[in-house]
Every structure is written in C-alpha cells, then in structure tokens.
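Trainee: Could we go through this model together, starting with how its helices and strands are arranged?

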Amino acid sequence: MISHSESLDVGGNKVEYILNDGSGANKPDFEVEIINADDSEEINEKIAKKLSDEVWSLNPKFKKEDLVEHFGIKLDSRVVDVYNFAEPLSEVERGSIIRTISRLYEMLPDKSLWRLESIQITHEKELNLKGGSFIRGREYVKQNRFEIYPQGRADNKYREGELLCSELQGVVTHEVTHVVFEELLEKNWNSPELGWVRTNDFRVELPGGMRSGSYNRLWKECPTSYASLTEADDRAESMVAYLFAPESLHEKRKSILDKILLKHSEEKVYPIVELPLEIPKFGRPLNINIVPSKIPGLFGTVTLKKSETPSPVITLEDLRKKLLA
Ligand SMILES: [Zn+2]
C-alpha cells in the first residue's frame, strides 16, 4: 500500500491529509478520482476541489472575516449551528429561525432522525435553475446542512405571496424538509394519486432551464407553483403550507402529513447559545484514497450507448397546454 502524509491549502486553510492508494483497510474520509497517479499537481487540484465541494468550512465562499454571527439552537442533546456570513439578523429574523426549527423538531416523531447540523447564511446571489428566479435556499443533504440566500430573507410574503408566511419561515421549513423529513415523507407520498407522472420517452424543461423526468398532471392541487416542478419540492412546499397556511393545503397532502407528524397544543421554543466567531476546523489529518478516474482518458474511445441518445424535450408550459387541450 502506498501511503504518505501531505498538507494542502484549500481556500486559505491548511489541510493535513494522508494519501492512500485504496488498498489499505482504513475507511477513507474522501475518495478522489485521479487520471495520472504520478502527477502531484493533478492530485492536489482534485483534492482541493473535492474538499471545497464536500466540506463547507473549506469552501472559499465562506470566509472567517465575513462571519458576523454564530449561535447554536439547542434541541435536547443536539445543537444546530447557525453561521451568518451576511447582514446581521434582526430580532424578528433570529426569532423566526429559532421558532421554525423548534416547531419542526417537535413535529418529528422519531428525534433520532433529526440530521440537520448547521445552517449557513450567505450574501451571494444565484439563479434557481428550476424556477428561474433567485435562489432562496439550498440543501446539502450529505453534509446535514442548508444555506439561506438573500432572497430567502426578502421582506415579503413567501414566493411572491403564494403562501402567507415570511420568506424566511418558508425557506427554513422548505430546506429542513429536504434534509430531515424527505425520507419519511417520500415513503408515505402517494405519487400517482397526487398527480405525479414519470416520463420515459421525453424530458420536461422547467422554467429555469433544468430538465426533469417527471411532471404533475394535477399541478393546480400543488401548494405553490414551485411545488409543481419536482416531487421533492412538492413535499417541501407542502410542509410550508402545513405549518403556516394549512387551510390552503389540498386535503390529499394534508392527510398524509397529519398521519406522519406529531401535533402539539403548546408552542415550545428551544434555547440558544451564543458561540465564538469561528469556522469548524479538522483536528486530525483526513484520510484520502486516490482511485483511477472513470472519465475516459486522452487515448480512450467514447462510445455512446443507446440510453444516451438524447430524448425529445418539451417545456413545462407547452406540456400543460397539451394537457388542458
Ligand atoms: Zn427545494
């Protein structure tokens, strides 16, 4: 087994790592695909990219000098860390994050399923490839976290007023659903009855340009227009409606959520703890395995399989016109 220690600069952070060739017994923290194992420049580049993609605290977009707030919401023995790299939160904003997280935690029937560890609030703006407007939030399920973007803090009602809660209440609920509740909800989601149809012989182009392999034939029953774009977003938006505008949620969806989620007559708000303005650091060297790249090399031949023949594309708008005709 080849194994040696190195250190690398990732977004201004010095990261210690042990490089293995994958033949050892140690379970690696990360696996990196390399074309030429003798090319140390390629190895360093790929490791830096992998780490900044998969470890938020090593992503250059989160700079320690931009960190203005760091507090923890204490959910029994767990803590959800909130890191703010944007405008300081107002009292109302802070309160609404804490109350929304508390409510969602209370509704979870099995607390061991709570996997949300942190929230990062960023000042960067990005376009949403599904809906086409500015991103409100984005989940990173493997990292047990989500990010809140400036649009998620805009001072107006959620999704241009489609649901009567604030943008912040909406985005926190939506993203927590992806990170914590998705598995639970998906198991109980009666997709065909809720209108979801898989498309095998064509792709659907969403308003933001992204292509999808399904659509909702009963899109008017979805809690918001964004909910009608993908099934996971239907679930996330249904949770927003369930918490903040239950009378607007379609009975089919409401009965699923009634069955799964716990109800409480009193509102419980969990305590918070102020924490130092620090980004987490690794206390130990990372174990990194390098494995041969699956991408065809310079001399490899690329053969297109039948399944890779592009399928026809129809825009969601045109598809709906056809369904109404
Ligand atoms: Zn979503």
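Trainee: What does α7 lie across?

Mentor: Helix α7 (residues 316-324) lies across β10 and β15, running at about 80° to β15, where axes are lines fitted to C-alpha atoms, for helices over the stretch in contact, and angles run from 0 to 180 degrees between N-to-C directions. Contact requires C-beta atoms, placed from the backbone, to lie within 7 Å, while helices (H or I, at least four residues) and strands (E, at least two) are DSSP runs, numbered from the N terminus.

Trainee: Is that a predicted or an experimental model?

Mentor: This is a predicted model, in which local features need pLDDT of at least 70 and side-chain atom pairs count only at pLDDT 80 or more, whereas totals for chains, interfaces and linings use all residues. Residues are numbered from 1 along each chain as its sequence is written.

Trainee: And in what order do the strands of the open sheet come?

Mentor: The order of its three strands is β11-β10-β15, with mixed pairing; two strands pair if DSSP finds at least two bridges between them. Since β11 (211-212) and β15 (313-315) stand at the edges with a single partner strand each, one side of each is left without a neighbour in the sheet.

Trainee: How many bridges join β10 to β15?

Mentor: Three bridges join β10 (residues 203-205) to β15, and the two run parallel; arginine 203 has valine 313 of β15 as its bridge partner.

Trainee: Switching topic, which residues of α1 are buried?

Mentor: Ile43, Ile47 and Leu51 are buried in α1, meaning that 20 or more other C-beta atoms lie within 10 Å of their own, against 12 or fewer for exposed, with C-beta atoms placed from the backbone. On the other side of α1, Glu41 and Lys49 are exposed.

Conventions:
Two residues are in contact if their C-beta atoms, placed from the backbone, lie within 7 Å.
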